[in-house]
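Hello,

Here is the structure I promised to pass on. My notes follow below it.

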Amino acid sequence: MKLTEKVPHKILGIIGGMHSCGLAYFENGEIKVVLEEERLIRQKPYVDLHNNWFRFPLESVATLTNRYNVDVSTIDIVTSFLDYELVNLMIKSTTGYDLPEEKFMKTEHHETHCALAYLTSGFQEDTLVVAIDGSGENHSAKYYIGKNGFMEYIDGIELNRKSIGLFYSAITELLGFKRLKDEGKVVGLAGHGDHWDVYYQIFKKILPVVDDIKTPIVEHPDVNDLAGGSIYRELFSNFFEYMGSRIEWKMEESRKRIAYAGQLVLEETTIEILNNLHKRYPHIKKLALAGGIFANVKMNKKINELEWVDEIFVAPPMGDEGLALGSVLIAVKNIDPDFKPVRLENVFFGNEYSEEEVDNAAKSVMGDYVKIPLNLDYVGQLLLNRKILGLFNGKFEHGPRALGNRTITCDPTHPETYDIINGKLQRNDFMPFAPAVLDEDANRLFKVDKSRYAAEFMTVTYDTREEFRDKLPTVVHPVDKTARIQIVTEKSNPFFYDILKKYKELTGIGCLVNTSFNVHNEPIVNRPEEAFKHLKTGIVDFLVTPYGIYSK
């Protein structure tokens, strides 16, 4: 997809850090490749921030130079929110190339988040652009007005104030999960909880809104408090001051209530800030959002449903994994001032593999296997027979959501399928599966009254229409009857679209399960070898590719 005709330059965005790590490469007006290190090294990013362990994008750079034949010395601009010295160290240690400082362009963490959200939103109207996360440089949140393709800074939450993102991370660890990794489990668990005022009051006291759009100043900050020690200490001390030595809070019902209360405070705090920003700029009805907290699809649903909001867009790689691409877009905008927000056809920017590579992987992993030509009628029958299919197609997706190219799919209409897939993937049973739905069926099955473009990237949940709540048990939340849908268009993903169309032809329902192609705690698959490993071990029953259908 050509973003602009006015930027023939080669631009490399690169990030390393304590969790997200990778690069984005832009050439001749197009995003050519975006790589996330975790997909290549097969290790999900989880670190204790107190250890201050910095990850280099070693495999990402090696893949760019070897697989894509990019000579780093020919790149016109290298950009990052990191400092030049660190970026040069990353490049020099991986390629031997000493980056001239005049080729380097530094961006700012939250501005980069916001640029990615705004410049891929397609919004031509004035837009409220918001980034909120754990921390970045000297802020944990920044707010901008997007107008005619440019962003004007309004205000933000400085690091001497409580971080909304680190508050939710503290809730995550209180519940025994891992921060920067398991926050989605808290969202899923919260959907099963109910209101218990004691927990709510403990958490609400920690994170009130002050001065309309800020959080309170930290009273007793830790030195170099990037890991959020202050808010952790306050949350844990307040919680255990109430609980004392009682351990009933570890019981499942209490854990659900803790997740519910933490989720509610997150939603109320964020929405109060957004509402107060809207009071200052009442003519603005479009929202472009980025930063780690906006991976929270349950909160995004409530934002989308605000009466004054016409449409929201959440950057598909909303976390720090999106900062490489965000930095590239800032560079593009600097070169071409006329560049205005565009709508992406898709986010398939990862590695693609040839038929020869796929067949070689099948031989090396499977030994003996069966391969037949791709046949949509056969795929439809497999789905009707309740087979679990792995989809391996083209370039892998950028961001945390599988969107049909590295997806596990199956029939969504059988209640027991939920437990079957959960068992295969070693998932927690409170985490709902997501549905992929044909564009023409989206509003028939779900209440998609606005923000359809955002739904193409699975960043918002929607209510299920009453007549379909019991017909789609595998993909509808059992308590609140919502679904984190992915709208699939023929343009965005013709491969997945054709499979959905075939299933609709057979059943009348243009909807299938879409969960990421990986077992729990592993990154989404990248190479065909990883996909065939899932086939060999029975995680999926068949592997469906453009080159054919593979089975044991």
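**The sheet and its edges**

Ala436 stands opposite Gln486 in strand S17. This is a predicted model, where local features need pLDDT of at least 70 and side-chain atom pairs pLDDT 80 or more, while totals for chains, interfaces and linings use all residues. Residues are numbered from 1 along each chain as its sequence is written, and side-chain values use heavy atoms, without hydrogens and water.

Strand S14 (residues 434-438) pairs with S17 in the parallel sense, over 3 bridges. Two strands pair if DSSP finds at least two bridges between them. Strands (E, at least two residues) and helices (H or I, at least four) are DSSP runs, numbered from the N terminus.

Both strands belong to an open sheet of 8 strands with mixed pairing. Its order is S11-S20-S19-S12-S13-S18-S14-S17. S11 (370-372) and S17 (486-488) are the edges; each has a single partner strand, so one side of each has no neighbour in the sheet. From one strand to the next, the twist averages 30 degrees.

Helix H18 (residues 528-536) packs on this sheet. H18 touches S12 (389-392), S19 (542-545) and S20 (548-551) (contact: heavy atoms within 4.5 Å). The direction of H18 makes about 150 degrees with that of S19. Angles run from 0 to 180 degrees between N-to-C directions; axes are lines fitted to C-alpha atoms, for helices over the stretch in contact.

**A helix pair**

H5 (residues 164-174) and H9 (residues 252-280) pack at about 175 degrees, with axes 10 Å apart. That makes H5 roughly antiparallel to H9 (over 145 degrees). H5 contributes Ile164, Phe167, Tyr168, Ile171 and Leu174 to the contact. Residues from H9 include Ile258, Leu266 and Ile273. The contact divides into 9 nonpolar, 4 polar and no charged residues. Here Ala, Val, Leu, Ile, Met, Phe, Trp, Tyr, Cys and Pro count as nonpolar, Asp, Glu, Lys and Arg as charged, and the others, Gly among them, as polar.

**Cavities**

How many cavities of 30 Å³ or more are there? The count is 2. A cavity is a set of points on a 1 Å grid over the protein atoms alone where a 1.4 Å probe fits but cannot get out; lining residues have an atom within 4 Å of a point. A volume is the space filled by probe spheres set on the points, which are joined across faces, edges and corners.

- Gln486 is in its lining, as are Glu345 and Glu456, among others. The classes are 4 nonpolar, 4 polar and 2 charged.
- Leu12, Ile14, Leu23, Val61, Leu64, Val72 and Ile91 line it. By class, that lining has 7 nonpolar, no polar and no charged residues.

Best wishes

Key: Parallel < 35°, antiparallel > 145°, perpendicular 65-115°, else oblique. 1 Å grid on protein atoms, 1.4 Å probe; cavity = no way out; pocket = protein on both sides within 12 Å on 5 of 7 lines; lining within 4 Å.
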